[in-house]
Amino acid sequence: MQLFMLTLWSVATLLTAGASAILFPRQADAGSPFDWSSITPSPDLQYQDCYGGYKCARLEVPLDWSQPNSTARAAIAILTIPVSVPENDPSFGGTLLFNPGGPGNSAIEFSLALGEQIRAVVDGEKHFEILAFDPRGVGMSTPSADCYHNTFNRVADTLQNMDAAMPPVAASDLGLQLRYSAAEALSKLCAQTAPGPDSIFAHMSTASVARDMLEIVERVDELRQTTQKRANSDKADRTDPLLQFYGISYGTMLGNTFASMFPDRIGRMVLDGIVDADDYLSGKVLTTIADAEKTIDQFYKTCYDAGDSCPLRQKGDKGPSDLRKRVDALLRSLEEEPVATVQDGRYRLVTSFQLRDTIRLCLYDPLSQYEYLAATLASSVAGDYSLLLQGPTVNPFLKEQACMAPDSGDPPAAYSWAYEAAVGVFCGDSYASAGKRNVSWAREAVRQQAKVSFTTGEVWSRLMLSCAGWEFDPKYAFHGPFGSPAPPRSKSDGTIGQAPLLILSNRYDHATPLRNAYALSKQHGGSSVVVQEAVGHTTLLSAQSACMARLIQDYYATGKVPRNGTTCKPDYAAQIPSKPCGEGVAATIFGTTTE
Ligand SMILES: *[C@@H]1O[C@H](CO)[C@@H](O)[C@H](O)[C@H]1NC(C)=O
Ligand SMILES: *[C@@H]1O[C@H](CO)[C@@H](O)[C@H](O)[C@H]1NC(C)=O
Ligand SMILES: *[C@@H]1O[C@H](CO)[C@@H](O)[C@H](O)[C@H]1NC(C)=O
């Protein structure tokens, strides 16, 4: 679970976003934790049973792919959800790798909770073995991108630097300076904790992770050849194994990088919620919130259309813009003058930053968050901040984490450095373009971001600010050009061949705009964009759509993409109040829409 909520393309952030408890159905026997240190890393894939019904392995790879023969090694943690049919069944579709974004999110944590739902989306005519791996530095992979090795210290630093206790960034230079300095201090700490050329932080570029994926694909193939003891094991006869992949959010940056580095190794690739590669690598990530205000306007429209059912709508309102005016005025007033409140025996500050972040977080998953957002904005406008204070920026995990013993195992028992991992990946990837990033750089970047989105620009700027003073410039890197040619025609016998990319986006996504999907499609020959007519971040996580599921399943089964520009309706739209779970309303991937 994510301790900080700064990982901006993350999915885990969403899980901590609601006013309600986390909607996180555990499916495997995750209650009995698996001891990853019981597996010795190996350069071939050696599985052990784990978590009641899954298979786990630790794959040894070079720490530095530009020096593959050096003795420095990393161990990639892998969790595989077995396929539902025998491998010699004609409907067996092979192995599918999954990345849940972040950067810094643990695919293993994600799959323990939601693996079966992922399977339900991809399994159609063909059935897949789902392989989740924690990218280097992340989760149960080692070495860990952990700057503390002490959970209490991390919590103490987090509290010291709570956003609510700092002045706004855009409105005051002091706010910017304080945040810049805090990030710079963390950069120094990371460089001290993991120093030198063998630091994990020098080797967690997205390119390294893409190369790890190729290694995983080859080792999976090797294992399959061994266990099947194929008669035709004649090497000359065999083609290179291909990647089958589903990546969401930052996972699309990873997929795009793989596709551009190893274009002839793309088997199937679905990228959902597109991060623009050049924008990301610039370190400024400006276009990523290009649709944020449009997305927020969708919320105001839904609220307005709900009439009396939406508490933010008032008598006399003539349109959605009247709702927006009230909220924008509150944001401006909080920027000038934070509000002091007392709640649950504590005093609490309400700042504009907090309100902005609450709005941002709720936009990830409108199905489950619109009702909370409407109630929170309505009560805040009326001067009652209790709902806002219960919400996303008050992290329920802080208390829980503070009671945990320091982690000392290798690999660790629990994952608490998602934020440092995110910084390690993003700041390293963007180092070539942006360098060490001084405060003038940060000031300009924040100014630009606030211009792109009035409501969320300031909170997004935390992502850029997080790279203040970052010193690691990974050697093994890929900075473009991005793209791949249209693949050769599929083999006539229907066996797994190369396919063009299937690119998915919601119509309104405040974190990865639709235009990024079209731009990506331009770069990858034969690819198609499918638009889901919904609001939220990524098609997979924000809505339920039989139409999307059918397209995705057909693609994985046949390698054929639908017409570029195809649209799909979700099974039902976000509404206020939330549609209760029941007749015709399946649980969303995050659980039910009620609670
Ligand atoms: C690493 O070692 C292998 C075999 O020992 C050799 O073929 C290869 O060229 C070496 N690679 C590098 C980059 O030194
Ligand atoms: C900040 O860095 C830029 C280059 O990125 C440089 O031109 C500028 O002089 C630096 N400013 C300060 C105050 O060091
Ligand atoms: C798909 O459509 C978009 C928008 O019209 C276009 O920019 C893109 O180049 C198309 N993709 C391909 C592979 O032709």
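Reader: Which residues surround ligand 3?

Author: This is a predicted model. In it, ligand 3 has a shell that by class holds one nonpolar, four polar and one charged residues. The residues around ligand 3 are Tyr-518, Ser-521, Lys-522, His-524, Ser-527 and Asn-564.

Reader: What distance separates an oxygen atom of ligand 3 from an N or O atom in the side chain of Asn-564?

Author: Two side chains can be named here. A nitrogen atom of ligand 3 lies 2.6 Å from an N or O atom in the side chain of Ser-521. For the oxygen atom of ligand 3 and the side chain of Asn-564, the distance is 2.3 Å.

Reader: How much of the area of ligand 3 does the protein bury?

Author: Start with ligand 3 taken alone, which exposes 360 Å². Of that area, the protein buries 58%.

Reader: What share of the residues of the chain count as buried?

Author: The chain's secondary structure comes to 20 helices and 12 strands. The chain exposes about 22,500 Å², with 52% of that supplied by carbon and sulfur atoms. It has 595 residues, and the share that counts as buried is 60%.

Reader: Is strand β6 mostly covered or mostly open, and how many of its residues are buried?

Author: Strand β6 spans residues 243-248. In a regular strand, side chains alternate between the two faces of the sheet. On one side of β6, Leu-243, Phe-245 and Gly-247 are buried, and on the other Gln-244, Tyr-246 and Ile-248 are buried. Strand β6 is mostly covered, and the buried count is six of six.

Reader: Which residue in β7 stands opposite Tyr-246?

Author: Strand β4 (residues 92-99) runs parallel to β6, joined by three bridges, and Phe-98 stands opposite Tyr-246. Strand β7 (residues 266-272) also pairs with β6 in the parallel sense, over six bridges. In β7, the residue opposite Tyr-246 is Val-270.

Reader: Why does strand β2 count as largely enclosed by the rest of the structure?

Author: Strand β2 covers residues 54-62. It pairs with strand β3 (residues 73-81) in the antiparallel sense over eight bridges, and Cys-56 stands opposite Leu-79. Strand β2 is largely enclosed because its buried residues number seven of nine.

Reader: Which residue in the hairpin of β1 and β2 takes a positive phi?

Author: Strand β1 (residues 48-50) runs antiparallel to β2, with three bridges between them. Asp-49 stands opposite Lys-55 in β2. Three residues lie between the strands of this hairpin, and the one with a positive phi, near 45°, is Tyr-51.

Reader: Is Arg-462 buried or exposed, and which side chain does it join in a polar contact?

Author: Arg-462 sits in helix α17 (residues 457-465). Its relative accessibility is 7%, under the 20% cut-off, so Arg-462 counts as buried. At 2.9 Å, its side chain makes a polar contact with that of Asp-357.

Reader: Which residue's backbone oxygen does the side chain of Thr-193 reach?

Author: Leave out residues up to four places away in sequence, and Thr-193 touches Asp-146, Cys-147 and His-149. His-149 is 44 residues from Thr-193 along the chain, and their C-alpha atoms are separated by 8.6 Å. At 2.8 Å, the side chain of Thr-193 reaches the backbone oxygen of Cys-147.

Key
Residues are numbered from 1 along each chain as its sequence is written. Chains are lettered from A and ligands numbered from 1 in the order in which they are written. This is a predicted model: local features need pLDDT of at least 70, side-chain atom pairs count only at pLDDT 80 or more; totals for chains, interfaces and linings use all residues. Side-chain values use heavy atoms; hydrogens and water are left out. A residue is near a molecule or strand if one of its heavy atoms lies within 4 Å of it. A polar contact is a pair of N or O atoms within 3.5 Å; within protein, one must be able to donate a hydrogen and the other to accept it, and residues adjacent in sequence count only if both atoms are side-chain atoms. Accessible areas come from the Shrake-Rupley method with a 1.4 Å probe; for residues, only the protein chains shown count as cover. Ala, Val, Leu, Ile, Met, Phe, Trp, Tyr, Cys and Pro count as nonpolar, Asp, Glu, Lys and Arg as charged, and the others, Gly among them, as polar. Helices (H or I, at least four residues) and strands (E, at least two) are DSSP runs, numbered from the N terminus. Buried means under 20% relative accessible area, exposed over 50%, partly exposed in between (1.4 Å probe, protein chains only). Two strands pair if DSSP finds at least two bridges between them. Contact means heavy atoms within 4.5 Å.
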